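Open the model in your viewer and keep the selection tool at hand. The stops below say what to pick next and what is there.

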Amino acid sequence: MSTEQQPEPTAAAEQSQSDPPKRRVVLLAVVAVLAYAVDLITKIVATATLEGELPVRILGGAVYLQLVRNPYAAFGMDFGGTWILAVVAIAVAVAIIWFARRLRSPGWAVGLGLILAGALGNLTDRVFRAPALLQGHVVDFISVFAPNGELFPVFNAADSAITVGAAIVVLLAVLGRDYDGTRVRKARHPEERS
């Protein structure tokens with residue numbers, strides 16, 4: 001008979017339950033910081049080098065770099081004021097930060113980190129760029145397949161981060177991977193059970 005005390009299963013279970021969310025929050029934060037830095041740096045370079053210049057053709061015309069200051073939402077949609085878009089971006093950022101403590105899925109952490117970075121990247125423009133506080137124009141500089149957004153609206157790294165992050169989250173949801181790391185299985189129809 002052993003006299004050594006074994007750790008209580010509940011304490012061990014609590015420890016294993018608390019560690020993964022902390023790692024997922026760190027993963028979300030790292031992805032968000034890196035993607036935000038890419039957006040910020042590319043916008044600084046774009047405004048410094050593309051202001052007043054003709055579109056720069058790269059990759060054989062697959063991409064054109066040109067500076068566009070966008071007062072509207074994605075794809076040029078107007079919602080009646082950039083301040084509304086700033087408020088929406090703030091709400092998205094707060095929701096993701098609040099939700100982060102529940103994450104146990106690395107895929108969801110990456111997806112939400114990208115969405116957070118994109119929301120913060122465009123929010124930074126709306127808050128700090130001209131013409132006014134909460135009315136700033138977003139810096140866009142990537143046009144694909146043709147200059148001037150002729151085939152697809154001009155966008156930036158923040159827009160790309162939001163798009164890729166949303167695609168990851170949708171793909172995980174379609175595959176039945178939940179944010180808490182569990183798999184969601186489809187219920188069988190009564191006819192299939194027999």
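**Stop one: the surface patch**

Select W83, V87, L133 and L134: together they make a nonpolar surface patch of about 400 Å². Nonpolar side chains (Val, Leu, Ile, Met, Phe, Trp, Tyr) are joined within 5 Å, like charges within 9 Å. Areas come from the Shrake-Rupley method with a 1.4 Å probe.

This is a predicted model: local features need pLDDT of at least 70, side-chain atom pairs pLDDT 80 or more, while totals for chains, interfaces and linings use all residues. Numbering starts from 1 along each chain, and side-chain values use heavy atoms, without hydrogens or water.

Helices are DSSP runs of H or I, at least four residues; strands are runs of E, at least two. V87 is partly exposed at 43% relative accessible area (buried is under 20%, exposed over 50%, partly exposed in between).

**Stop two: K43**

Go to helix α1, residues 9-50, and select K43. K43 counts as buried because its relative accessibility is 1%. Its side chain makes a polar contact with the side chain of D39, at 2.9 Å (N or O atoms within 3.5 Å, one able to donate a hydrogen, the other to accept it; residues adjacent in sequence count only if both atoms are side-chain atoms). Beyond four places in sequence, K43 touches residues including D125, R129, V138 and F141 (heavy atoms within 4.5 Å).

**Stop three: strand β3**

Select residues 138-144. Seven of the seven residues of strand β3 are buried, so the rest of the structure largely encloses this strand. Finish on Y64, which stands opposite S143 in β3.

Terms used
Buried means under 20% relative accessible area, exposed over 50%, partly exposed in between (1.4 Å probe, protein chains only). Patches are made of residues with over 30% relative accessible area and no salt bridge: like charges are joined within 9 Å, nonpolar side chains (Val, Leu, Ile, Met, Phe, Trp, Tyr) within 5 Å. A salt bridge is a side-chain nitrogen of Lys or Arg within 4 Å of a carboxyl oxygen of Asp or Glu. Two strands pair if DSSP finds at least two bridges between them.
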